[in-house]
Amino acid sequence: MTQEQVAEVCEFLPDVQAQTNEAATENLPQGATMTPTEWGNLVHWAIYERINGLKKSFPTAFANVFPEISIDSRRLEIDDPRGPKYGQTGTSRLDVLEKVSATTYCVYDVKTGRSGLTLNRIKEILEKLPVGVLVYIMEVRPFE
């Protein structure tokens with residue numbers, strides 16, 4: 001599928017791309033003094049902060065967007081209060097998840113380094129999201 005086709009379902013894709021670009025641009029100077037991993041973590045944190053800012057400023061528009069959310073093998077709904085805590089043992093972290101509907105999720109996997117979205121990572125995500133949900137998983141890179 002093209003980015004345009006995916007964006008028809010995953011409406012937050014342009015916003016995630018824009019937030020990723022802005023976070024990377026804002027933190028580009030620090031990249032010269034950091035390891036690629038450190039810089040990637042900094043960009044991920046900036047994206048988290050930006051999206052949380054949007055959620056606070058526009059709670060209705062961004063109610064179904066979840067940055068830095070943890071999922072586990074219980075396969076609970078994303079907005080289930082019994083869900084795992086951030087960084088809890090046995091969880092996987094998603095950079096950004098958009099709950100389009102009860103049956104459709106979009107997962108945005110932000111990549112700042114050389115590594116890309118792997119089949120193993122896709123399987124890991126799918127094994128921890130609710131059964132019966134259609135999931136679009138896409139890699140998002142700064143400046144693409």
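Helices (H or I, at least four residues) and strands (E, at least two) are DSSP runs, numbered from the N terminus.

This is a predicted model, where local features need pLDDT of at least 70, side-chain atom pairs count only at pLDDT 80 or more, and totals for chains, interfaces and linings use all residues. Residues are numbered from 1 along each chain as its sequence is written, and side-chain values use heavy atoms, with hydrogens and water left out.

**View 1. The chain holds four helices and four strands.** From the N terminus on, the order is α-α-α-β-β-β-α-β. The C-alpha atoms fill a box of roughly 45 × 30 × 30 Å, taken along the principal axes. What fraction of the 144 residues is buried (under 20% relative accessible area, with exposed over 50% and partly exposed in between; 1.4 Å probe, protein chains only)? Buried residues make up 44%.

**View 2. The largest nonpolar core has 22 residues.** Such a core is a set of buried Ala, Val, Leu, Ile, Met, Phe, Trp, Tyr and Cys residues joined through side-chain atoms within 4.5 Å. Within this core, C10, F12, I47, V96, Y108, M138 and V140 touch the most other members. At least two core residues come from each of α2 (13-31), α3 (36-57), β3 (104-110) and β4 (134-140). Which element gives the largest share? That is α3, with six residues. In soluble globular proteins, nonpolar side chains tend to be buried together.

**View 3. V140 and the residues that it touches.** A contact means heavy atoms within 4.5 Å. Leaving out residues up to four places away in sequence, V140 touches L13, V16, Q17, T20, Y108, D109, V110 and K111.

**View 4. E68 has a positive phi of about 50°.** E68 is not a glycine. Most residues other than glycine have a negative phi. Where does E68 lie? E68 is in strand β1 (residues 65-71). Is E68 buried or exposed? E68 is buried, with a relative accessible area of 11%.

**View 5. F143 also has a positive phi, near 70°.** F143 is a residue other than glycine. F143 sits in the segment after β4.
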